[in-house]
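Student: Could we go through this structure together? I'd like to know where the labels come from.

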Amino acid sequence: MSAQDNRNSTRIAFHQSVNFTFDGVKYTGFKGDTIASALIRNNVKIVGRSFKYHRPRGIYTCGIEEPNALVQILSEHNEPNIRATVKQIYEGLEIESQNRWPSLENDLGSITSLFSPLISAGFYNKTFMRPRGFWKKVYEPLIRKAAGLGKPPKPFKTTSTQLHHHVDIVIVGGGLSGLLALRSLAKTKLKILLIEQDSYLGGILKNSNKISTIENKNNDSWISEVEKEIEGSKNIKVLKNTLATTYNYINHLIAIEDLNTGTAPLEGNVDQILHKIRAEHIILANGHIERLVSFRNNDLPGVMLTGSFEKYIQRYGVIPEKNPVIFSNNSSSHSLIKKLVDLNCKPKAYVDSRSGDKIEPDLLEIIHKENIPLFTNAHIEGCDGGKQVQEISVRDSEGMITKLKSKMLCVSGGFNPDVHLFTQSKGVLSWDDNYLTFKPDRSYQNTIIIGSAGGLFQYSKLANDIDTKLGFLNQEPIVKIDFKLNESDNYAIEKLWETKHEKESRWSKSFIDLQNDVTTKDLRQGILEGFDRIEHLKRFTTNSMGTDQGKISSINALGIVSEILDKKVSEVGTTIYRPPYAPLSFASIAGRSTYNFYDPERKTPIHEWHKKNGAIFEDVGQWKRPWYFKNHSEENLYQAVQREALQVRKYAGVLDGSTLGKIEIKGKDALEFMNLMYTNNFSKMKPMSARYALMLGEDGMIMDDGIISKINDKHFIATTTTGGAANVLSHMEEFAQTEWPHLNVYMNSVTEQFCTFNISGPNTRLIMEKVFKNIKFDNESFPFMTFNNFDYLDSTVRILRASFTGELGYEIYVRPSIALKLWEDLFYFGKDEGLIVYGTETMHLLRAEKGYIIVGQDTDGSVTPQDMDLEWMIGKNKKDFIGKRSLTRSDTIRSDRKQLVGIRPVDQKNIIEEGQHIILSSNVKPPVKMLGHITSSYMSPNLGHSFAMAVIKDGKKLIGSKVFVSSSSNDAFEVEIINPIFIDKENKRLVS
Amino acid sequence: MFIINCPYCGPREQCEFTNGGEAHVIRPSNPEEASDKKWSEYVFFRSNPKGIYFERWVHSHGCKKWFNAVRDTSTDKIFKTYEIKDERPSLTDLENNNLTTPSGEPDVGSGNFTVKKS
Amino acid sequence: MNLISSNSVNVKELNLDQILIRGLYTPTLDKQIKSEFKISLPKDNLQVKQDNNIICSKNSFDQWSIIFFQQVRLKLDTAIDKINENEKILATNYSEGQIYIEISGENKIFMLNKITHFDFREKNFPLLTSAQTLIGRVECNIYNIQNKLLVTCNRSFGDHLKSQIIDALKF
Amino acid sequence: MKKKYSIFNIARNAFSNHENWKKMWRSPEPKKEYDVVIIGGGGHGLGTAYYLAKEHGLKNIAVIEKGWLGGGNTGRNTTIIRSNYLWDESANLYEHSLKLWEGLTHDLNYNVMFSQRGVMNLAHTEHDIKEIKRRVSANTLNGIDSKWISKEEIKKLVPIMNTDNLRYPVLGASFQPRAGTARHDTVAWGYAMRADEMGVDIIQNCEAYKILTENGKVVGVETSKGIIKSKKIGVVASGHTSVLAESAGIRLPLQSKPLQALVSEPIKPVIDTVVMSNAVHAYVSQSDKGELVIGAGTDGYNSFTQRGGFDVVEDTIRAMVELYPVFGKMKMLRQWGGIVDISPDASPIISKCDVQGLYFNCGWGTGGFKATPGSANVFAHTVAKDEPHTINSAFSLDRFVSGKLVDEHGAAAVAH
């Protein structure tokens, strides 16, 4: 006995054969086959090994709910854990089975089955404890080896995209109810999106034999008529091969579309689209899922859910086994039996847990007519047969065991509305005593549930169900649909979660979670140990924590638990279904927004010049800033910086400071506002002069610094640090809008309106005079910390005399469109004066020699102005400014806080490292008392030795004393604490 | 990932906004006179209710305007957004709105919260 | 300059001038703008006024942008200085700090919704209105003018935004 | 009766077909009065009860839990354990905890699967490097096994990492070999079992509504199972702590925000160390079951919904597939959220307060799990002695008045 084609299925292109390999063996299926249907066609029964006991496993279902048949796709970057029951085959597809070694047939891992009585729930937590140390070295490595299902995939750069939708209505599920709803809404002007996980519409109409005609048409023609009707309409969009995985707040859906259904992905082509959908109303028409029954060896290859078996015949045109035994606790097997009879493959037997009088007469009728062996009031005790079902034991009403020979056992434990998405939406479920399942009760978003997804299992009531629920959308009422059914319209079920074993053996198992190898025994044990809450039990036994999230078994688990605890299932409750509905590809979530699109790269208008001139860039926030410039290919960071630093102090250098934040502030109350935002007092400041300023948070800690240029009391321009620009502006906006709305003040970011060039060095004046012929740069006409606007080309530039290097310097603010011209002018006129370009590293070195701090490097969010020896910047007679009050708290007024100092090695050969700590002796045996840390450290070509800045406890008092500094080579050397200004304490160079 | 109705730009995705913490917190008008404790309350202490919360938002990736919102932190439902200058809305017309999403997960017991108490 | 045209979407980069004005509406301001640029300030928030070569948009109650479709750069500074004589107003020349992308063609929304969550439906974004939102993780202004969208963003983000748009058309 | 676990006792049970297992803890109804009531049945709360009973001889203790044991953040975090913190105060606390972790399995005779696979903190910018090197130096001098490792050394430890061809390249990392992960639920279960054996009443499905005080003293707590009297109450309710504090008129500087995490489908081992990248918000480790356990960033607003924005998860995944190209073909299996209570300096509050007999252990932000044993241990001391242990004295409430913060997030480039 074996599988047989059912050529009258319309879903399979029997004329188009497709070759693929499974574990190296070549097989042939047809276009439209899934891996599973093709393997069934080829009589392959074992497709994988189970997680814990490595038991042989076959194909259990025919869809997304599959717990067993997970395979690895070698031909798609080794993608692991693919459902064989969903993935369609294509020419050249290469598949491998998972979690077995050396081979699927003979898996060494299966010896664990021998110890299976030991490997009970909580096993790991109760063992592997002795001898000490073995856990780390022996046990855990072994456990990790055994971990996981599939093998790791190969590197893969995503080619998937994303698409945002805004619609009035989303219908999830293009099955019978979904199509009826869609058709009835087609004439409204509502924008509708229909999402169907399968490659065609129709659902149950195509997947089962349950409905033979609808509205007196055969199913296929009815479906294609509906499709035609909606094709025309502009307001309806249908997405096939698209699975809704996540239902977020405010009707936000995530759905994944597979563009390669049944075709090989082409490198570089979009392979999937992640749809992000906002809808006014979401209609869930996503149907129901069949569940299993637990009995001895219910995991053996050859056991399959009844509905799935029927689907293989109807849709995939393959009869998995000609004469299966059918076992059920409900009325749903009727259509399959009828189908098998029509195909002349009579079932070996029909076993129904219900008593004869409960079984539907029409079902009994066909069984008797065809004299199919019937067992009523009977159970499947279990099945046997090594690697696949050979013999099935039926326990009849008298408790007598009858053994039947068959390779296939179809099981139906009843249906669950597919409530996964609904619970994600935070909807509340209620227990249906009639259908023995949870069904949606109350939704908390604009969610509408129709058809079996809502627990409606009567075709005759479907029209009314949809009309009443969609009426408010002025949909066109359906009123009535004529069905011709191959089963009774009334679905009926009797409680049966698990059947009794004939002989209780320690090795015998009834599985509840097939993927995680959880047995009903494990559930009992968990409850015995006190894990009587369903969420505990889930975590203790790992029940329903597999990739299928227990779609076919979680309700059964609840049923079993409720019986052990003798509670109502509604009291036991259900575990929470976590999004996504089915595993969601990382690549699709990332979409195109990785690598160069991970985060914008901000570039200054002369970025290209830097690249051409040997710049090595560093990331500062989103900006790319020249870090240093190689003047020949061998030059390294250290050499370049030493060269640049010497050159600037000796002649002149220019830095592209365009990334500095610039904010224009204006308004009637601009002065008052600035006095509140910064520590400094700007009242006495002359127009067209500038000042170095500090900004604090309300906690009194230094937040940012910059130069404030005052045009007049009503108009200022502030600069900020590169990284702080955005924060400072929003900080200003926040207080202007929320704290002091009565102040008339506005600010615009002008960071991008100007390039900023910081030119400094003794020769700077000469160069500037050449570039700007009609401007006087002598001290009298252009004193330190003043600025003005000047004509340059057909535009204007703002020049501010300020310096961050300690040398004579100017900051030039120029329009981007003429920036490059000016930049090149500077070098044209500057080359004779020794002008060079330098990067951020040299800038850091030079400012450190001068003792200027960098916010974020020498400060760290726990540093006050006093700590940085910047009291002089605090407007003493100002009543208030942001952070002022915090400076006088008991901890901030301590005199022995960590304070900024300079550090110099006693032996000048020693190099001080940033981040190392100041300690009291050369002894670095921990724990070592730390006074503070090195915030900045450089090798100074101008001083000829290493020097550093540090913040250390009671630093000011310690100036002049000798201490030690730790090093990364885990020792320490002696250093001297000195004043942090190393060059030009008298500011001669600055104001020269 | 909810939607916030910016008083100036209309409804937008929450990821366009930045939260500004509790609303209607008054900065001491005379910081010098505030005690360390009083001042620390202004700087560090914000209420953190499970339920109705008056909070500030700024449309940081949009119009850059600050505004206030009334949100139920146990459901993320936003009842109202209003301009900084507006009065704090009265609760009465807000709380008797019962169709809100239940706070994410179980209140009492196990997953039961997802199940209607019979 | 044409950036890319494919799949019935055309993307051009334009070289325009722009003034950003901060301040509340006053008849005085309105008069000033009229006399300087022959266009009046829109009354409603998000409204865009268009007059052959100029659009004026009220981006927020105290924020206005005026965009010139022909180069007026030289005249602009004197005009701005005039406006800034009003101490309650801040006018800034934004011409060069931003880039200007014009997107047309029937698939423009489809393309843009690959890289922005913004809802372009008529009811949310009518003709002659503007919006500030994220496109390809970049803060942008969008102006909805006759069968075209004008998108502006800060210059330093320009390369990123352009390549995002080109990518969205390719994939 | 003390439960002894070993392979032998499992074998014994196997013979009885696993039908004779004893309950790990009782499910008693609350008594009228206790010497100490701990509010919150997570790892910290149960651990506190355990150490109160074990080290401070108190026996008449109740732990009340509104849901199920370990159902809060204990069961929702990414289980990362490390002690490489910058400031001495933090380093001492977390190192104290790490030492307890190292003995916990044997202390409890319950395998918490503490797996010392090492934790890496990546540096992506020059700024990161400065901050991480500073922290490594501080750790070294504090006797914490933390070191700076180069890109090449990272590659050796995590061959699948893409260090160069990405928006923010990997420039180096700090590495703490003794750090790692543990099986989160078992910590709560283990503490619960052993506390229960020492007579502690563990009461689930018991929600605390209001802390009852009389003239500045704690007298009890009103719960869903009625009023329970006690002169000492320790609140260890993470996200909900400040809500309870308000009921006793105490304001805590806490904000409760959603923090999301996710796991991938299980695969054979690909990554043996724990890798954290604060700069791109991507924390990953691989569990002994084979799932990648991934931590995402915190949403920027207060919420008790245990549900955050998809965009936050998206940002983490974007960084992941770039940092680990093999993850491109992996799939997200489950995603969930927790509520973390964040203090202004991102350091915990383990403290007495103005109400006598009322103690708080909160403000753990996103980093509470790693501290479970240490936090429980010093909190037990604080409750028993009515004064802080030297290790947690710095983590008092009044630091927000004096300004003496332990500002980890201001200073260190390391997420908690």
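Student: How many salt bridges does the rule find across the interface of chain A and chain D?

Tutor: The rule finds 10 there. A salt bridge here is a side-chain nitrogen of Lys or Arg within 4 Å of a carboxyl oxygen of Asp or Glu. Before we go on: this is a predicted model, where local features need pLDDT of at least 70 and side-chain atom pairs count only at pLDDT 80 or more, while totals for chains, interfaces and linings use all residues. Residues are numbered from 1 along each chain as its sequence is written, chains are lettered from A and ligands numbered from 1 in the order in which they are written, and side-chain values use heavy atoms, with hydrogens and water left out.

Student: What makes D:Asp185 and A:Arg539 a salt bridge?

Tutor: Their side chains meet at 4.0 Å, N to O. The cut-off is within 4 Å, so the pair gets the name.

Student: How big is the area buried between chain A and chain D?

Tutor: About 9700 Å², with carbon and sulfur atoms giving 56% of that. Buried area is the accessible area (1.4 Å probe) that two parts lose on being put together, summed over both. On chain A's side, A:Arg144, A:Phe586 and A:Tyr598 supply 10% of what the chain buries against chain D, more than any other three residues.

Student: And how many residues does the contact take from each chain?

Tutor: It takes 113 from chain A and 104 from chain D, where contact means heavy atoms within 4.5 Å.

Student: Why is B:Arg71 called buried?

Tutor: Buried means under 20% relative accessible area, exposed over 50%, partly exposed in between (1.4 Å probe, protein chains only). B:Arg71 has 0%, so it is buried. This residue is found in strand E5 (residues 66-72) of chain B.

Student: What about A:Trp740, buried or exposed?

Tutor: Buried, because its relative accessibility is 9%. A:Trp740 lies in the loop between helix H20 and strand E42 of chain A. Among the residues that A:Trp740 touches are A:Phe673, A:Ile882 and B:Arg27.

Methods
Helices (H or I, at least four residues) and strands (E, at least two) are DSSP runs, numbered from the N terminus. Lists of a residue's contacts leave out its neighbours within four places in sequence.
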